Amino acid sequence: MTGCLCIGNVKHATLINNCYPPKKEGGTTPRSSELSYLTFYASSRPAKLSKVGSYMQKKVIKDIRKGHKGNNQVSLLILKALIQTCHRDLNIFSKQIVKILSLLLDTRDLELIDLTCETFIVFCSYHDGTTLGVDTEFTTDYENLLQSFSSFCNYTNQDTTLALKMRYIGHRATQAAVTSTALQSSDFKAQLNILLVPLIVTLASSSSLNWQALETGNEIDIRDSALSNNVDNHLIELLASHTVSILFNKVTGPSVRLALSYLFEYMNKKEKWWPPNLAVNIMKLVLDSLQPQYRYLLVSDVLYNLDLNKGDDLMNEKYAALISILDSTLNANIPLVGISVLEVLNSLFTLLIKSTQHHPFLNTESEYANIIQQGLVNSMGGLASQTYYENQLNDIMGYLVSKLRPNTSLEYVDGMLIHDYRMIVLCCMDSIVSGSKRNSSENDIGSNIPLDTWNPALGLLCDKNPKTRIAFCKSLDGFFSSITCKLTSNTEYPKHALKHHHDAIFMDRLVHAMQDWILIPDFNVSDLRYFYSFLCTLTRKFGVDATIMIVPLIFRIQHLLQDEKITQTSRQYAIESSLISLLSMMAEYYQLPRLTEYMQRLKEERGFKSDDIMLTESINPSNPILPEPFTIHTGDPEQKVNRVWIERSEVVEIMSKEGHLRDEQDTHGLDLEAKLFAEWGSEAFLKHDQPIRSRISLESSGTKPRLASPWEHADPIRLLTLEDRKNSIRVATLKEALVAQTLTDDDGVDSDSTQSNSLSANSKLPRTTADMNALLNELNVPQIQSTVSLVNPPYKST
């Protein structure tokens, strides 16, 4: 029995020794036939793998001591062949493999280290890490091996060529460890600490790193040897960036914050926050690499780190770098699935207000303060550039509009003047509008900001502070400019842009707010410029739906001028001129030559006045506009002279008869004429939105579900006569019959007429209960003979 054991021991040792070439030949590759025999023996007898590994470990130790470099090269190739052949039983001799690789790394021989790295890459491709954490000794040896390889990533030496090759070897091994399934099989935190930091150091150590080239660079095959490859810094940086990308692609939810903590810790220790290019570019790489469902965690973690900064003055380089990361992340045009939009918006706005406690908004000498404040504003726009749910833009704008506090009497909010506070909010709203432009697509849900989100803020048109009014007008004008106009003025019938009831409500509130706006005592030239621009923009963006509300507003303003409700001569003349210019613009837009001639005749009769102002349809947002009061005249002899008024009847006649403003059903323009003649504040004017509701009803009536009449679809219908069907009241018209009033005796109609289903839905409600009871008693439902009993079950004999 002892002889048998000796034979077994001798056999595996003999097979291994036979793989080495004779010393006289000095070869560095194993003998192929003997190696095949050894791999066959090991694969057919997996239990012998442990002994094979132990014997090879002893031989490597002996060859290192004697300096037999060639034998060690052969040993690595033998080990590589055994790994590839016996990969299913790799865990049996994985402990010996790791120890052998560690021994050969300590030789500091470049050729042996390169070949060791190649063998380690093969080992990682098959190692699943199931024994990590179970075998403490093996876990320690494996982590030490990773530490040895990672130390090569930032190797320095006077010999630049040697240093580059050693760093290349280190990054090859690091990527192999990252791609291995053993990365997350045991102590992920320990391996992450070993592997991630050297990668960050490599990316941070280059002063001329081309991040764009790294993103577009080709992937590197880590199996390529350092000895036969032309290695330079760019190759190493490209390899490091790919490894970081692979690493963050493999991390899951709980591990994202852990991985980012090592990055932030390195930035803190090495003070690499400023300039923010490094942190921002690494975060872009991380964002692109993370799985889509975990990308929103990047924003959450950055906000968490911002909250850790509890100092009074937050204007420091770390804070500025974190804000820059937020800015680039939210504006990266990458959807952050799972992000809490309103929660992030609230955090951004809170941080913005907090940053203004020590530094004026976008008006400070502090470099950090300007970057932080502008970055927070840009981040809000980036948040609006992606759609995560249907009413997202409505909620975002509603949140900011509520911060405007249009009806407050407070002078200070959050420690600052209400005007300054509103300027910050309006700047944020401008950013939201700008972000929504990037998200504007016809097929995207909620891609446009709803008009009615501005309803609560329209009161700012009449604010006491003229600077607040101008700032709000600028924001509203930017919003109008972002709306895509889909109307054409040369069609036979007009297209309606206001297809929703809430849009009509916005238009109604806007024109009423503009009437109140023009009546304020300090209405100035800047107000008039925006007033005119708004009316022109509404006409071009919303067509006839806006025109039927603007025309009554025009003549309401003219009536106010006639009644001297608008004071100051220069202001009166300027407003008169603007009304004529507005109608001239409408005449040009709707191609109404008669109206153009009429307006030109009024201009000639009126003549040019020194108080007339050159008004434009659009206002350049980049040009700063300051409050500009009207000129005050004293003792003007021409005052109240040569006043020309617009004839409403002539304007309405031209618009309703000659233009393309009539709907297809309004053949003679009577309906349009009634709308244009509607008096301000009358019931007819307040019901301008009814045609919109009618259009919606007509468009959707075909898709509305309706109750089915049981005697229309059941089998007994065959028993009904035509007269029965005619006199029956159907389910579809039952509501009309119930709410209709029986015709009175004064009308000369018999009470039997209530059996007819021709009662009008527009008749008045019944005045008494007796009338309703009489109506119900007179409903004529034909009697149908049926053999089915509603009392006795069908199985009971009759």
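This is a predicted model: local features need pLDDT of at least 70, side-chain atom pairs count only at pLDDT 80 or more; totals for chains, interfaces and linings use all residues.

Analyst: Let's start with Lys-59, whose charged end sits over the ring of Tyr-20, 4.4 Å from the ring centre. For that label, NZ of Lys or CZ of Arg has to be within 6 Å of the ring centre and within 35 degrees of the ring normal.

Residues are numbered from 1 along each chain as its sequence is written, and side-chain values use heavy atoms, with hydrogens and water left out.

Now the ring pairs. Rings of Phe, Tyr and Trp (the six-membered ring for Trp) pair if their centres lie within 6.5 Å; planes under 30 degrees apart are stacked, over 60 edge-to-face, and the rest tilted. That gives 19 aromatic pairs. Take Trp-517 and Phe-523: their ring centres are 5.9 Å apart and the planes meet at 75°, so this pair is edge-to-face. Both partners are buried, Trp-517 at a relative accessible area of 0% and Phe-523 at 1%. Buried here means under 20% relative accessible area, exposed over 50%, and partly exposed in between, using a 1.4 Å probe on protein chains only.

The pair belongs to a cluster linked by ring pairs: Trp-454, Phe-472, Phe-479, Phe-480, Phe-506, Trp-517, Phe-523, Tyr-530, Phe-531 and Phe-534. A contact is heavy atoms within 4.5 Å.

Trp-454 and Trp-517 turn up again in the largest nonpolar core, which has 225 residues; they are among those with the most contacts inside it, along with Phe-120, Met-586 and Ile-646. Helix H23 (residues 544-562) gives the largest share of this core, 12 residues. Such a core is a set of buried Ala, Val, Leu, Ile, Met, Phe, Trp, Tyr and Cys residues joined through side-chain atoms within 4.5 Å. In soluble globular proteins, nonpolar side chains tend to be buried together.

Zooming out, the protein chain has 33 helices and 2 strands, taken as DSSP runs numbered from the N terminus (H or I, at least four residues, for helices; E, at least two, for strands). Of its 798 residues, 46% count as buried. Among contacts with a separation of 6 or more, 75% come from residues 24 or more positions apart.

Glu-564, between H23 and helix H24 (569-589), has a positive phi near 60° and is partly exposed at 37%. Gln-591, between H24 and helix H25 (593-606), has phi near 55° and is partly exposed at 45%. Most residues other than glycine have a negative phi, and most peptide bonds are trans.

Back to a tryptophan for the last stop: a cis peptide bond joins Trp-274 and Pro-275, with omega about -5°. Pro-275 is in the loop between helix H12 (253-270) and helix H13 (277-289).
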